[in-house]
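This briefing accompanies the sequence and structure shown below.

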Amino acid sequence: METQTGRLIVEKVGGKSTVTSCFSKYPLKFIIPNKVGSSENDAVWVYTLTYGGGIVSGDSISCEFSIGDGCTTVLTTQASTKVYKSLGSKCSEQILEARIGSDAILAVIPDPVTCFSTARYSQKQIFSVVSDSSLVIVDWITSGRHESGEKWDFELYKSTNHIFLEGNQPLFLDTVLLEQGSNTSVSERMQDYQVIAMVILLGPKLMQIQNQIQENVKRMMSEQLYIPSNGLGHRGKTSSGCYLTKPTFIASCSVFGPKGIGVVVRIAAMTTESVYRFLHQQLASLEPLLGVSPYC
């Protein structure tokens, strides 16, 4: 990887997941607590930070992670990733490449990206897994700094997530692109929605959570989209006599990969708090694996 700014290797040492190699340089910094959760917890938690509290115009950050067989690693943040205003149309970029070994778990569970007005930002995450690797990815963005009157005012946001099986076989390929257009702005296209998110759950250790989240999303959406005819906020009547409302929170699930080994959840919401709440509730079952419930 060119101009690498971070590298981290986690391996089993004495039967425990252990960081055996760690390197970072400006503008990136890793914080690795000695222990998160109970003493029995085997997960290594890694917090990523940038000097100055955000990503500056023109910054280029590239990281490489290697998660050894049987290891558990969590990659997270302490706050939202702020992307500052673009200067001279410079695009900031962040690249993560990670290899997850046999019977290993990697959970990438950051806070959301928040792009300031005129910001240009591109991120790419590439994951290499084997048949019994397990992977959690949360990738999300807010509309901006509401307190400053900004709402989807950045120039460009691009987020790519690719997952490959052994032999460089594509398993999941996804890109989200939000760019100001000549006819319509991002704000006009997003309407009242202030957050978009994607959650990926992959691998044998997460099958129970995958099944549960699919059931939960199905139930949530059936309750949100259709309400009794005496309810409030009617927007239009369906053939069944129920009223269709504009939901404040939308989620959908789909499976991918051989034998449906992965699930992707896509979310659009009117508030950041509702997405935090959803992530906390739906990922709480990860606590035995990660030592702490995510987004608590």
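**Pockets and local features of a predicted model**

Fourteen residues, written 14 in the tally, line the second largest pocket, and those nearest its centre are Trp45, Thr76, Thr77, Tyr295 and Cys296. The model is a predicted one. The points below take up the pockets, the salt bridges, the cysteines and the backbone in turn.

**Second largest pocket**

- The space in the second largest pocket amounts to about 230 Å³.
- Its lining is made up of nine nonpolar residues, four polar residues and one charged residue.
- Cys296, one of the residues nearest the centre of this pocket, has a relative accessible area of 73% and is therefore exposed, the cut-off being over 50%.

**Largest pocket**

- The volume of the largest pocket is about 550 Å³.
- The lining of the largest pocket comprises 31 residues, and the closest to the centre are Thr48, Thr77, Thr81, Gln94 and Pro110.
- Two or more lining residues come from each of the strands S3, S4 (44-50), S5, S6 (72-76), S7 (81-83), S8, S11 and S12 (134-142).
- Strand S11 supplies the largest share of this lining, with four residues.
- By residue class, the lining of the largest pocket holds 15 nonpolar, twelve polar and four charged residues.
- Thr77 is listed among the residues closest to the centre of the largest pocket, and Thr77 is also listed among those nearest the centre of the second largest pocket.

**Salt bridges**

- Seven salt bridges are present in the structure; three of them are described here, beginning with the pair Arg99 and Glu64.
- Between Arg99 and Glu64, the closest N and O atoms are 3.2 Å apart.
- Arg219 and Glu223 form a salt bridge with an N to O distance of 3.9 Å.
- Both Arg219 and Glu223 are in helix H2, where they are four residues apart, about one turn of the helix.
- The relative accessible area of Arg219 is 40%, so Arg219 is partly exposed.

**Cysteines**

- The number of disulfides is zero, on the criterion of cysteine sulfur atoms within 2.5 Å.
- Cys63 takes part in no disulfide, and the nearest cysteine sulfur, belonging to Cys22, is 9.9 Å away.
- Cys63 is buried, because its relative accessibility is 7% and buried means under 20%.

**Backbone geometry**

- Most peptide bonds are trans, and most residues other than glycine have a negative phi.
- The peptide bond from Tyr26 to Pro27 is cis, and its omega is near 10 degrees.
- Pro27 is placed in the loop between strand S2 (16-24) and strand S3 (28-31).
- Thr118, a residue other than glycine, has a positive phi near 70 degrees.
- The loop between strand S10 (113-115) and strand S11 (120-128) contains Thr118, which is partly exposed because its relative accessibility is 29%.
- Lys259, also a residue other than glycine, has a positive phi near 60 degrees.
- Lys259 lies in the loop between strand S18 (249-256) and strand S19 (262-269), and Lys259 counts as exposed because its relative accessibility is 87%.

Conventions. Residues are numbered from 1 along each chain as its sequence is written. This is a predicted model: local features need pLDDT of at least 70, side-chain atom pairs count only at pLDDT 80 or more; totals for chains, interfaces and linings use all residues. Side-chain values use heavy atoms; hydrogens and water are left out. Buried means under 20% relative accessible area, exposed over 50%, partly exposed in between (1.4 Å probe, protein chains only). A salt bridge is a side-chain nitrogen of Lys or Arg within 4 Å of a carboxyl oxygen of Asp or Glu. On a 1 Å grid over the protein atoms alone, a cavity is a set of points where a 1.4 Å probe fits but cannot get out, and a pocket is an open set with protein on both sides within 12 Å along at least five of seven lines; lining residues have an atom within 4 Å of a point. Grid points are joined across faces, edges and corners, and a volume is the space filled by probe spheres set on the points. Ala, Val, Leu, Ile, Met, Phe, Trp, Tyr, Cys and Pro count as nonpolar, Asp, Glu, Lys and Arg as charged, and the others, Gly among them, as polar.
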